[in-house]
Amino acid sequence: DVNGSLIWEKMVGSGQYLNTFTGVDETPDGGFVVTGQCNKFDSYGDPIAIKFNSCGEVDWCTIINTPGDGDHGRAIGWTQENNYIMLTMYSDPNPVNRIQLFKFDQAGGLIWRQNYPPDSLMFAEDSKNLFIDSSFYLISANCYYPDQGQTGGYERPYYIKTDTAGNIIWRLVYGKENGFHGFPFFQPLKSQSGYFYDIGWHSNQCDTPALIKFSATGEESYFQDLFPGACPGGHGALNFFNDTTLVVFVGGTVGGMLYSKWIKTDTLGIENQSV
């Protein structure tokens, strides 16, 4: 409950197969849906989606069997038409296709699946998280991509916006224009003004926690280090406190000492309060 007291606990499965969960979302009926990996059909593991009711009993379970692939679910959520969207990694026999979306109906039946192969300059892309809206889906990921005029690649935040059929609206390799190197880690947020915000590492100098901002049409907008001088640094999930204020937990090493704090920032990542 809200005080941390146990209401119920459930064991999933019989212990015969390994199940690991990496994503969860609450559902309108008071239950929840999870995704992760299961080795029931493949010792390498397969993406799994399980819908539980409000008492923790299983409503349905779907495993996407792709023999020989070490693939797994990354994030899952429900849509306003009461379907479910699952983001996966490596769930295709073609190793070029490293990022996928699956859509399931209310009973866990597959409606469609989509692959998102990279462009010719991108490599080693991995899915991270998923933002679900009534009219679109936003995949967050990381990839390696070169700076202009260079070969090879640097770590970059990577975003794919799709329509509700999983078709690409736009892609954004963040930092391709403004030089940002780094990774995102948690679920992107959307403001009332339509901008997207994410939290990640800014790694041009050191792994420093940073706010990433981009537009509804996929243009780089702004980034701001949230704990300047922290090297290396860490962070927790980002959330809105109100329409103009964000809150996040950050930490890092400054002058050989480890610090951590909760901070409130404006939408440009400028700190206005910390604890």
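Modeller: We begin with residue classes: Ala, Val, Leu, Ile, Met, Phe, Trp, Tyr, Cys and Pro count as nonpolar, Asp, Glu, Lys and Arg as charged, and the others, Gly among them, as polar. The model is predicted, so to speak of local features needs pLDDT of at least 70 and side-chain atom pairs count only at pLDDT 80 or more, while totals for chains, interfaces and linings use all residues. Residues are numbered from 1 along each chain as its sequence is written, and side-chain values use heavy atoms, with hydrogens and water left out.

Biologist: How much space lies in the largest pocket?

Modeller: On a 1 Å grid over the protein atoms alone, a pocket is an open set of points where a 1.4 Å probe fits, with protein on both sides within 12 Å along at least five of seven lines; lining residues have an atom within 4 Å of a point. Grid points are joined across faces, edges and corners, and the volume is the space filled by probe spheres set on the points. For the largest pocket this comes to about 370 Å³.

Biologist: Which residues that line the largest pocket are the closest to its centre?

Modeller: The lining of the largest pocket has 17 residues. Those closest to the centre are Asp25, Gly77, Trp78, Ile132 and Gln187.

Biologist: Which elements give two or more residues to this lining, and how do its residues divide by class?

Modeller: Strands here are DSSP runs of E with at least two residues, numbered from the N terminus. β1 (19-26), β5 and β9 (123-132) each give two or more residues to the lining of the largest pocket. By class, that lining divides into seven nonpolar, seven polar and three charged residues.

Biologist: Which element gives the most to the lining of the second largest pocket?

Modeller: The second largest pocket has a volume of about 200 Å³. Of its 14 lining residues, Gly13, Tyr17, Asn19, Cys38 and Lys40 are the closest to the centre, and by class the lining has eight nonpolar, five polar and one charged residues. At least two lining residues come from each of β3 (46-52) and β4 (58-63). The element that gives the most, with three residues, is β4.

Biologist: What is the bridge partner of Leu101 in β8?

Modeller: β7 (residues 99-104) and β8 pair in the antiparallel sense over five bridges. In β8, Leu101 has as its bridge partner Gln114.

Biologist: Which residue in the turn between β20 and β21 has a positive phi?

Modeller: β20 (residues 245-254) is joined by three bridges to β18 (residues 233-235), which runs antiparallel to it. A hairpin through two residues joins β19 to β20, while β20 and β21 (residues 257-265) pair over nine bridges. β20 and β21 also form a hairpin with two residues between them, and in the turn a positive phi of about 60° belongs to Gly255.

Biologist: What is the relative accessibility of His235?

Modeller: His235 lies in strand β18. Contact means heavy atoms within 4.5 Å, and, leaving aside neighbours within four places in sequence, His235 is in contact with residues including Phe185, Trp201 and Phe249. Buried means under 20% relative accessible area, exposed over 50% and partly exposed in between (1.4 Å probe, protein chains only). His235 counts as buried because its relative accessibility is 16%.

Biologist: Is Ser215 buried or exposed?

Modeller: Ser215 lies in the loop between β16 (208-214) and β17 (220-225). Not counting residues up to four places away in sequence, Ser215 touches Trp170, Gly194, Tyr195 and Phe196. Because its relative accessible area is 12%, Ser215 is buried.

Technical notes: Helices (H or I, at least four residues) and strands (E, at least two) are DSSP runs, numbered from the N terminus. Two strands pair if DSSP finds at least two bridges between them.
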